[in-house]
Amino acid sequence: MNVEIILFFVFSVCTLVGASLVVFANNPLTSAMSLVATFFFLAAIYVLLYAHAIAALQVMVYAGAVMVLFLLVIMLLPLQNTPLPLRPSPARWVGALSTASVLGALIYASLQWQKSLETLTPTTQTTTMSQETLMRFGNLEEIGLSIYTKWLFPFEALSLLLLAAILGAVVIAKARI
Amino acid sequence: MNASSSPLLNYVVFLPMAFAFLVLLLPGNEKGQIRFATLLGMLVNLVTGIWAFAAFNPAGSEFQLEYRLFWLSDLGISYHLGVDGLAVALVLLTALLGPLVVLSSWRFVEERVKEFHVCLLVLQTAMMGALCSLDVMLFYIFFEAMLIPMYFLIGVFGSEERQKAALKFFLYTLVGSLLMLLALLWVFFLSGPEGTRSFDYAALYNNLMEANREVSLCMQNNAHCSNLSATAAALLKWGPWMFGAFALAFAIKVPMFPVHTWLPDAHVQAPVAGSMVLAGVLLKMGTFGFWRYAMPLFPAQAWAYQNVLVALSLIGIVYGALMCLAQKDIKKLIAYSSVSHMGFCMLGMLTFQAEGTMGAAYQMLNHGVSTGALFLLFGMLYERRHLRNMTDYGGIAKAMPIFTVFFLIITFSSIAVPGTNGFVGEFLVLLGTFKSNLPLWAGILATTGVIFGAAYMLWVVQRVFFGPVTQQANAGLKDLRFREFVTALPLVLLVFVMGLKPQPILEVLSPSVKRYVARVHQAKPNPESNTARELLRMHVRELPTPKLAQAQVDDSQPLNQPGERQ
Amino acid sequence: MEKLFPEYPFSIQNIENGLWLIIALPLLGALINGVFGKALGRKNVHWVACASVGGSFLLSLLVMWALGNVNTSVFNPFSPDISRYALSADYGTWFSAGSFKVSFGLWADRLSATMLLVITGVGFLIHLYSTSYMEHDKGYAKYFCFLNLFVAMMLTLVLADSLVLLFVGWEGVGLCSYLLIGFWYDDNAKAWAGRKAFITNRIGDFGFLVASFLLVLLVTAAVREAPQGTPVSSYRFSTGLSEKGPLAFQSLSALATTLAATDTTAKPNQETPALVMNRDIETGPLKGYSYAGVLTAVLLFFLLGAAGKSAQLPLYVWLPDAMAGPTPVSALIHAATMVTAGVYLFCRISYLVVLSPFAMATIAVVGCLTALIAALIAFAQDDIKKILAYSTVSQLGFMFMGIGCGLFWAAFLHVVTHAFFKACMFLGAGSVMHGNGDETNIKRLGGLRREMPWTSWTFLIGTLAITGIVPLSGFFSKDAILFGLETQQLTGYVPVLHTLYWLGLIAAACTAFYMVRLYVLTFEGKRSPLAKLPHAHESAWPMTLPLVVLAALSVLAIAHGLPLLSLPHSPHHSQTLMEAYLFPVFNVANQLGADTQKLLKTGLDKTEWTSLLWTGWFKAWLIALVSGGISALLYFKLWRGGRKFPAILEPLRRFAQNKFFVDELYELLFIERAKGLAKGLYRYVDAFFVDRVAVHGTAQTVGFLGRVLCWFQNGNVQAYASAIALALAVGLTYALLQVLS
Amino acid sequence: MIPTSACLLLSAMLFCLGMLGVLLRKNALVIFMSVELMLNAANLAFIGFARQHGNTIGTSGHVSAFFVIAVAAAEAAVGLAIIIALFRTRKTLDVDEVRVMKH
């Protein structure tokens, strides 16, 4: 039981609480603020997993840019009647039950997987990674190298996607062009 | 440059398309220019068509004027054009109808003139392509491409219920041809191991030939069924389905009873040009398809289902004629008469016997001329009065004598009076039916068609042309204008030329007929019976295989393609 | 003859090569009149028309002359021998397919030559007559165009050397008949009559076509199965087939000879060859039928065809209605030429006819019944043209009886004489109509003898001729037929023929009665007060001249019927001129009939024969005279002055006047049925079942399925998401189970 | 180190929470936020696996996460634009009310 795990546990609980608030809060503003919190906690978890660059991106892009957008929209729209109470319908029942079973299946699968991992293949454990490698592992340099060499084409495609998204957003959102 | 190859057919097929582009470039309000450009295109096409017909040597190899290019070789598809006797005759017919179609709608279409003429030209290319292609997939592409301009011709330029009719026409024909596509792919994969397969007609035919022999042997005698090759076994099991799909696609196009109901609707709603092309050429695609694809590729099945198809043809002949007697709408009546006449075509082809098949081939041409002319002539009347019911006319002969003479001549051609073209075809079909393995009553029943044919056609003539003038508007009708006269005259003359001097055309058709019969007979159930002696003389020959299959194996050495200029 | 005419320029070779001109001239005339008629003007139109037919007539005379020459013979392409007294020409293939072939071949023997003269001669006279009769008609050029076309077609029919080419003429004359009956097309009834004629003829053509096809099959089967040494199995025959096709008449002749040679019923002791007439055919489409049976079927189908064209039972109904056409047309087409095509056809294929006694008996019976029924209907008719039409039907029935008893020459003689006197009477009727404001009801005429002397005298001669009064031609030709019925030995059917003889006598009596009635009511007595014009006028010379010529011919034609010659090959009796002249044509038939013992000449010796002949003549003459006399008496004296017809016979008269309701019966039985069937099929099968249920039903089923699936497509995005979630859950569970197991 | 299964468990719960939000909430904005949650759950799984298999697969997991973030950004831009457009035309964000795409 080391600090890492304790921290992970703490952050996990916080993340889940935040996420629950996002989903179940009546006021979208509450949801939005909880979402920001959730993103931050997730970023912390990423750090714990030695994914520093992604953690930074998470904070910048998600908690920063995306959330600002969300808030902007919330502010932009005159949402007087914000609480929209749940109205049960067959589709919703089906959805809830499906979600429950998906959750069950996923949890079962992860536990099962962990078990098989421990019994069968000790060699593939991460512990073999040295501390030095670990420090280098998730930093921006490594990822940058990878993106600009191995993943160059998807990366360029991504830029195109972003461009399209910008144009699309403008076209859709503007009343008259 | 290969000696047997010639680029002529490319011109036949694609010149109308080139003119379509030209027409597209013209300004839309210059109607005269558009019409003249289209007419010019059709005339040029006619010249190339005549040229192709003249260049065809009846004594030569089966397919002539061949032209082959690589195209989608990985899929076994090539651009391969060529014609046999029947195809070249139909090419001539199509080319001939082209200018007449343009002339017939000179005044009829006043709106969207450009679109109309582009449709006509594109349709011409598609029809020529379907007739000339020797690659089955290429044929399929052209076959489907015909639907599109025709759909617009009916749906945009037709009468009041045009949309419904166009949709019906489109869906009806599409159902059949999609099933055919499925069967076609199936046949393709059946036809040989990977690498040797090709959609080329000759290759497909040759690949299936041995399998067909085995299948027919097996169908005669179970003892032969034990050691079938894989292809033959598959063909035995699935052949009926594949043949059924092909037959359905073409039967809809012909149209045979009971899949004929799109035709009356389409004809009634279509403009004159649409009806002419529909009756003149499009219906032939059905019989042509049977002739070129359905029967030769599945001869064993053709024999097995001969009686069913013959029964449908006979029903078509009698039933179509009876339907005519119940019509008030003249265009609908002519449409049903097409059902009856095409029943004769099918019957002749299903005799699997030289006279009948020759008659069927000739009847295809006749039907194109006479029914095309009927629609053309009625279109002239329709242009004047915009009425289609017989009761709206009466005593027209008084006002329009020349028109009446033309209509009468075409009527007599349609009911096969000797001396006109209809007689030769119908006589040969009926003779073939009697001489074939079909029961005698089938021939007798088919012959009753001559009675019904006269009954309904003369009924129309009586109601429209004879009797007193019942409506004042009909009394002042103008007789044919010069343009109309010139449009109708070639068809009227052809009626006599084809009726009195059919031999040159029959000679062109003759090798195709022989090969068709021989091909179907390679799977005849009881070869020892009557025609056996006759058939010994015309044994089945393998078609010259295209070199495409080799080219796939050896990519490093590019084949000296016939069309490439060096 | 040869000395009279120099060989050059009329060498037989030249005549042979120019046979086509006989047809081409009227055809050209038709073309010129049809295309340029309006521009030419009336004078030129009739000049062209008459000249073309006249030219054909002259050419026909040349042919006749050539056929009188003993050296005239043609090479038979189907057998090694030559055909004497015949000309032939071949102008190349018409069409060929597979093993079938038809060529444009013409063939003129004495039968066709006689017919040629009748057609072009009578045709010329009628053309001449028409120039005056149609004077005021608007469609003058059109009329002559059709008439010339008709002549051309009729000549094609007569000159054809194969059944197919004959069929061209056969249909062609029907076509012209259709056009000419409906000549005044703006009258619906007239156009309707034309249509009726064409369609009725088409029913006959159906029979003709079926018979031809069966003949092709028969030839093919015979070629396949005939033993060595028969005409059909020879090498020449096979070359002939590839040259002229199986339906050429010489081919059929060879077929008949072959079949006759193998007839085992005739020669029971002969060893049986491969092909036996009464045995079943072994292979081919006719498998299971015997040659004799198929041949009988062929002839019966031909009978149907001939019944259509020659207006026999049950297809005679069109002919009376065909009187709607101009009267010269009725004279030419519906009396003299076209309607005799059926008789001509049977004469042409006489060698086949004699091989089937059953078919012959049927022909005779059909002819006899037609003769009787038509005669009975004619009793009560008042329309001058209708009476003549029914009498034509009746006389055609006589001709069929002649065919049926195997006396082809007699039947043909009747064709010729009938052409003369009936054309004469029709033209006379036309003249009557012309002079009386188109009045056709004989009860509104009368007393024309003084006003129209030429017409009336010629009409009288015609009437006497058809009645069968001794010195006129009708007597000889009709009596030859009746005598044949009495004496011909048609194996198995002698009693039938004897019955027909008596029925024939009754028909002859009827003919005499109503023809005299017609003459008396029209020409004798006083002019009827109901007449349209107060005074009739005699027609102009172009109309009376043909009448005189035809009347003269009706008298002169007796020359053909007199038993003048006694020739070595018929020891029992003397031959008539006609029989002797046509001997080369019917020789084969007679020979085959005798060989197979199906049709024999009477076994009477000369004295018995002569006495029978004379008593027969006397009987016929007496009957005609008595019947005609009664009629004349009745109509002169009794019923002239408005005396009522006996009431007791009134229903009968009404029944006959309405033509025994045959038209109505056909209408009810066939036409209404066919129309009802067509309507019913259209409404229930085509519109309802195929289109509504099957086609639209499919569309609607698809549409219904679509609407059902629409329920899922409710637009609620979360419902869609739920579906995705459900799919995910199921997929995951499934994957887990797969992995675990 | 942190056991990967723990990461996966957290990821699963996060994912299901997001899914619940998407399926149950009516507010389009909240639904949208829930989608973001789901994306983050996926990212977490990527990072978790990357941590475990880092020596064999390198930083591929991280790169994937990076791409997901980028896509999420694009999606957010377009999606929010749609929401604005939606609100402008329908005056509501209730997805139950917005059923234009009905047959």
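Me: What does the secondary structure of chain D come to?
Reply: Three helices and zero strands. Bear in mind that this is a predicted model. Along the sequence, chain D reads α-α-α.

Me: What pLDDT does chain D average?
Reply: The average is 87, and 97% of the residues of chain D score at least 70.

Me: And which elements of chain D have the lowest and the highest mean pLDDT?
Reply: Helix 2 (residues 28-57) of chain D has the lowest, with a mean of 88. Helix 1 (residues 4-24) of chain D has the highest, at 92.

Me: How does the radius of gyration of chain D sit against that of a compact globule?
Reply: Chain D has 17 Å, whereas a compact globule of 103 residues would have a value near 13 Å.

Me: What does the C-alpha trace of chain D span along its principal axes?
Reply: About 55 × 25 × 25 Å.

Me: How much of chain D counts as buried?
Reply: Of its 103 residues, 61% are buried. The cut-off for that is 20 or more other C-beta atoms within 10 Å of the residue's own.

Me: What share of the contacts in chain D join residues at least 24 apart?
Reply: It is 51%, taken among contacts in chain D between residues at least 6 apart in sequence.

Me: Switching to chain A. What is the secondary structure there?
Reply: Chain A has seven helices and zero strands. Its pattern along the sequence is α-α-α-α-α-α-α.

Me: How much of chain A is buried?
Reply: 28% of the 177 residues of chain A count as buried.

Me: Now the contact between chain C and chain D. How many residues does it take from each?
Reply: Ten residues come from chain C and ten from chain D.

Me: Which element gives the largest share of the chain C side?
Reply: Helix 29 (residues 717-740) of chain C, with five residues touching chain D.

Me: How do the residues on that side of chain C divide into nonpolar, polar and charged?
Reply: Four of the chain C residues that touch chain D are nonpolar and six are polar, with no charged residues.

Me: Last one. What are the scores for the model?
Reply: The ipTM is 0.79 and the pTM is 0.83.

Notes:
Residues are numbered from 1 along each chain as its sequence is written. Chains are lettered from A and ligands numbered from 1 in the order in which they are written. This is a predicted model: local features need pLDDT of at least 70, side-chain atom pairs count only at pLDDT 80 or more; totals for chains, interfaces and linings use all residues. Two residues are in contact if their C-beta atoms, placed from the backbone, lie within 7 Å. Helices (H or I, at least four residues) and strands (E, at least two) are DSSP runs, numbered from the N terminus. Ala, Val, Leu, Ile, Met, Phe, Trp, Tyr, Cys and Pro count as nonpolar, Asp, Glu, Lys and Arg as charged, and the others, Gly among them, as polar. A residue is buried if 20 or more other C-beta atoms lie within 10 Å of its own, exposed if 12 or fewer, and partly exposed in between; C-beta atoms are placed from the backbone. pLDDT is the predictor's confidence in each residue, from 0 to 100. The radius of gyration is taken over C-alpha atoms; the globule rule is 2.2 Å times the number of residues to the power 0.38.
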